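Visitor: Hi! Could you walk me through this protein model?
Guide: Happy to, let me bring it up.

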Amino acid sequence: MQNLETSQLKTTAKTSSYDRTDWQRGYESQRQESDYWIDEIEGEIPPDLQGTFFRNGPGLLDINGEQIHHPFDGDGMICAIAISDGRAHFRNRFIHTEGYLAEKTAGKILHRGVFGTQKPGGWLSNIFDLKIKNIANTNIIYWGDKLLALWEAAAPYRLDPSTLETIGLDTLDGILQPGEAFAAHPRIEKGKNGAGDRLINFSVKPGLSSVITIYELDESGKLLQKHAHAIPGFAFLHDMVITPNYCIFFQNPVSFNPIPFVLGMRSAAQCIQFSPNKPTQAILIPRNGTDQVKILETEPCFVFHHCNAWEEDGEVFVDSVCYESFPNVEPDGDFREIDFDSIPAGELWRFKLNLQAETVEDQVVETRCCEFPTLHPNNVGQPYRYLYIGAADSPTGNAPLQAILKFDFLTGERQLWSAAPRGFAGEPVFVARPDAVAEDDGWLLVLMYDAANHRSTLVILDARDIAKGPVARLHLKYHIPYGLHGSFTSNVFLP
């Protein structure tokens, strides 16, 4: 197992690294859609950085003044920043989903959301309405010559990569049957020894017994494998990791009571209850689709996002962002008034799964609040040395993400770049330098919110030394609400 050092915390008086009003303004809706060359740049864009950075997230936090209950219910908006020859072009567009167009025309909320948004009129307006709007707001990937906006509970929406205009729902050339979903967290396995890259993704059909379907696609988007597996109990699975032999999920210890949802009193997510006395289950589905599924138990924790997994000396290792419990979405709560001190913070954990002994060991690697991990694409599903992740400015307590943290798992060294006190960070995306040899030889792209100027900035960090600060800051003309996930392609999609 790789050498690890757990985080050493200093005993210091806690002071806030941010102003709540600053943080709240990053959740204002952004209705503008624009195309322009970015002309306000600090520093220089690296000349060998060429391609397009895509980012997805909720662009609307209200519908004509009616507040969305939770950001995860907001309509998806894609940002694209195309970089070429030291210049950058920005474009953003809303995804024209069926629900987005209907509510734009009506000027009011017409659909229930998974995380608490209800139609106006109370439970009588929502009773027995089980249809959930596909908001396509979680991730964005370019694969098989298609730009796909992903949301875990439905088929993806396809967009034009040059204009971001919506083409429509996409079945991946018939791979997805009616009602089948394509989750928001695919993993890309880099081809070796002449083999092509593979995209591995999944869908979940929850119930008393849940069904996980695995998809593997080649670089052209052709289906290589598709197999389904039933697992016991209600499955709340947002992410997975892969190794050469397994797709790995963590079944969170939760239960689901559908009655308040059916009766229109609560959203689906508000009917989920964390069970602290039940174990978390590690589910290992063989990628060959024929071997037996393995389920191992570990201590209760809740996982939205995994970092990476790999096989070593007959054991499987999984790095994940873990919470001590599920952060409940209260029916009468306001996400802008969240009390960070009252909810669990994400921590980085490492799990060692012994498949022969059927045991799981865990270790807390980092106690600093963190989320949205990324690493070099070549190391997905393989042993790795460096991890990059969004983090709080303070080493203790829960708080908004304002920093990027780099882990060196070999030496235990950590580097931190912080945008505090008035900057708020999101997910970093790693882009390898062309012809690089070292694992950390590349850049990190981070779309951050600049509260001082109420606008967003694309920050470019040297992944080898993030502590020295950005090599370039590309200032946008207005703010982009806090987003979820993004990706980078070496294709340059300019107007």
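Guide: What follows is a chat about a few strands, loops and contacts in this chain.
Guide: Keep in mind that this is a predicted model.

Visitor: Okay! Which strands does strand 23 pair with?
Guide: Strand 22 (residues 302-312) is joined to strand 23 by eight bridges, and the two run antiparallel. Strand 23 also runs antiparallel to strand 24 (residues 347-354), again with eight bridges.

Visitor: Which residue in strand 23 is the bridge partner of His 306?
Guide: That is Ser 320. Towards strand 24, Val 321 has Leu 348 opposite.

Visitor: How many residues of strand 23 are buried?
Guide: Nine of the nine, so strand 23 (residues 315-323) is largely enclosed by the rest of the structure. Both of its faces are covered: Glu 315, Phe 317, Asp 319, Val 321 and Tyr 323 are buried on one side, while Val 316, Val 318, Ser 320 and Cys 322 are buried on the other.

Visitor: What about the hairpin of strand 22 and strand 23, how many residues lie between the strands?
Guide: Two residues, and Asp 313 in this hairpin takes a positive phi near 55 degrees.

Visitor: New topic. What order do the strands have in the open sheet of four?
Guide: The order is 16-17-20-21, with antiparallel pairing. Strand 16 (241-242) and strand 21 (294-298) are the edge strands, since each pairs on one side only.

Visitor: How many bridges join strand 16 to strand 17?
Guide: Two, and strand 17 covers residues 246-251. Val 241 stands opposite Ile 248 there.

Visitor: And strand 34, what does it pair with?
Guide: Strand 34 (residues 472-475) pairs with strand 2 (residues 41-43) in the antiparallel sense, over three bridges. Strand 33 (residues 455-462) is also antiparallel to strand 34, with four bridges joining them. To put residues on that, Gly 43 has Ala 472 as its bridge partner, and Leu 458 stands opposite Leu 474.

Visitor: Buried or exposed?
Guide: Ser 29 counts as buried, because its relative accessibility is 17% and the cut-off for buried is under 20%.

Visitor: What polar atoms does its side chain meet?
Guide: A polar atom of the Ser 29 side chain lies 2.7 Å from the backbone nitrogen of Leu 61. The Ser 29 side chain also makes a polar contact with the side chain of Asp 62, at 2.6 Å. Leaving aside neighbours within four places in sequence, the contacts of Ser 29 include Gly 59, His 479 and Pro 481.

Visitor: And Leu 494, where is that?
Guide: Leu 494 is in the segment after strand 35 (486-489). Its relative accessible area is 28%, so Leu 494 is partly exposed.

Visitor: What does Leu 494 touch?
Guide: Beyond neighbours within four places in sequence, Leu 494 is in contact with Trp 37, Ala 82, Ser 84, His 89 and Arg 91. The C-alpha atoms of Leu 494 and Ile 81 are separated by 8.8 Å, though these residues are 413 apart along the chain.

Visitor: Last one! Which residues form the nonpolar patch on the surface?
Guide: Trp 123, Leu 124 and Met 265, with about 360 Å² of accessible area together. Met 265 lies in the loop between helix 4 (259-262) and strand 19 (272-274), and at 49% relative accessibility Met 265 counts as partly exposed.

Technical notes:
Residues numbered from 1 in each chain as written. Predicted model: local features only at pLDDT ≥ 70, side-chain atom pairs only at ≥ 80, totals over all residues. Heavy atoms only, no water. Patch = residues over 30% accessible without salt bridge, like charges linked within 9 Å, V, L, I, M, F, W, Y side chains within 5 Å. Areas by Shrake-Rupley, 256 points an atom, 1.4 Å probe, with all protein chains shown as cover. Salt bridge = Lys/Arg side-chain N within 4 Å of Asp/Glu carboxyl O. Buried < 20%, exposed > 50% of the residue type's maximum accessible area, 1.4 Å probe, protein only. Pairing = 2+ DSSP bridges. Polar contact = N/O pair within 3.5 Å; in protein donor to acceptor, adjacent residues only side chain to side chain. Contact = heavy atoms within 4.5 Å.
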